[in-house]
Amino acid sequence: MFGELVPEGGGDTIPLLKENLMVGRRESCDVVLRFSNVSTHHCDLILENGYWFVKDLGSRNGTKVNGIRINKKRLDPGDRLTIARHDYRLEYSPEELGADGPPPDEDVISEIMGRSLLDGAGLSRKQKQLDDGRVGRPDAPVPQQTGTPDSEAPGVDQVSETDAEGEAVAEDEQEQEEENGS
């Protein structure tokens, strides 16, 4: 057993016997709640790295954790899970379920799971186009930097197209000569 849902106000506890459980009114669900205000497929309970998470499946009457309506949220031991208007307290031990260290930060998990591996590594074509300023136009030319050197961005050499005498170029060449000792 991976934990249990204890109904607030009394009733039989519901053992959590699998790592992925669908909760709903339909008989094919892993946890069947026979209440008319519970959706046929209401929410999923998912065990990840020793911690339970709940994910609402677009239910009509919602899923809440500690009184706050959620789409997906980590459930800590003792949290109150409300399915439609039915309250349960979740009891489990993360250590016994293989948790190592503190619970994962939900913002980090959402960010990681919301991006593709290629995006995370900066290798996707769309991300490259965003970085180059060519969003939605893969054949668009890469924009050229213009203006005088930006003092707020050290190490970035920008050449002014409006400088007919090439002063910006001369400054860059002079700096390189000083660095090389010429």
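## Rings and a charge

A search through the whole structure turns up 0 aromatic pairs; rings of Phe, Tyr and Trp (its six-membered ring) pair if their centres lie within 6.5 Å, with planes under 30 degrees apart counted as stacked, over 60 as edge-to-face and the rest as tilted. One ring does have a charge over it: the charged end of Lys72 sits over the ring of Phe53, 5.5 Å from the ring centre. For this, NZ of Lys or CZ of Arg must be within 6 Å of the ring centre and within 35 degrees of the ring normal.

## How to read the model

This is a predicted model, in which local features need pLDDT of at least 70 and side-chain atom pairs count only at pLDDT 80 or more, while totals for chains, interfaces and linings use all residues. Residues are numbered from 1 along each chain as its sequence is written, and side-chain values use heavy atoms, with hydrogens and water left out.

## The strands

Helices (H or I, at least four residues) and strands (E, at least two) are DSSP runs, numbered from the N terminus. Two strands pair if DSSP finds at least two bridges between them.

Another strand to look for is E3 (residues 20-24), which runs antiparallel to E5 (residues 43-48) and is joined to it by 4 bridges. Here Met22 has Asp44 in E5 as its bridge partner. E3 also pairs with E4 (residues 31-32), in the parallel sense and over 2 bridges, where Gly24 stands opposite Val32.

## The nonpolar core

Which residues have the most contacts inside the largest nonpolar core? They are Leu45 and Trp52, in a core of 26 residues. Such a core is a set of buried Ala, Val, Leu, Ile, Met, Phe, Trp, Tyr and Cys residues joined through side-chain atoms within 4.5 Å. E3, E5, E6 (51-56), E10 (80-83) and E11 are the elements that give two or more residues to this core, and the largest share, 4 residues, comes from E6.

## Loops worth a visit

Most residues other than glycine have a negative phi. Asn49, in the loop between E5 and E6, has a positive phi near 50 degrees. Asn49 counts as exposed at 67% relative accessibility (buried means under 20% relative accessible area, exposed over 50%, partly exposed in between, with a 1.4 Å probe and protein chains only). Asn66, in the loop between E7 (63-65) and E8, also has a positive phi, of about 55 degrees, and is partly exposed at 40%.

Thr13 lies in the loop between E1 and E2 and is partly exposed, at 39% relative accessibility. Leaving out residues up to four places away in sequence, Thr13 touches Glu4, Leu5, Val6 and Pro7, where contact means heavy atoms within 4.5 Å.

## The cysteines

How many disulfides are there? The count comes to 0, a disulfide being a pair of cysteine sulfur atoms within 2.5 Å. For Cys29, the nearest cysteine sulfur is that of Cys43, 9.1 Å away. Cys29 is buried at 6% relative accessibility, and Cys43 is buried at 0%.
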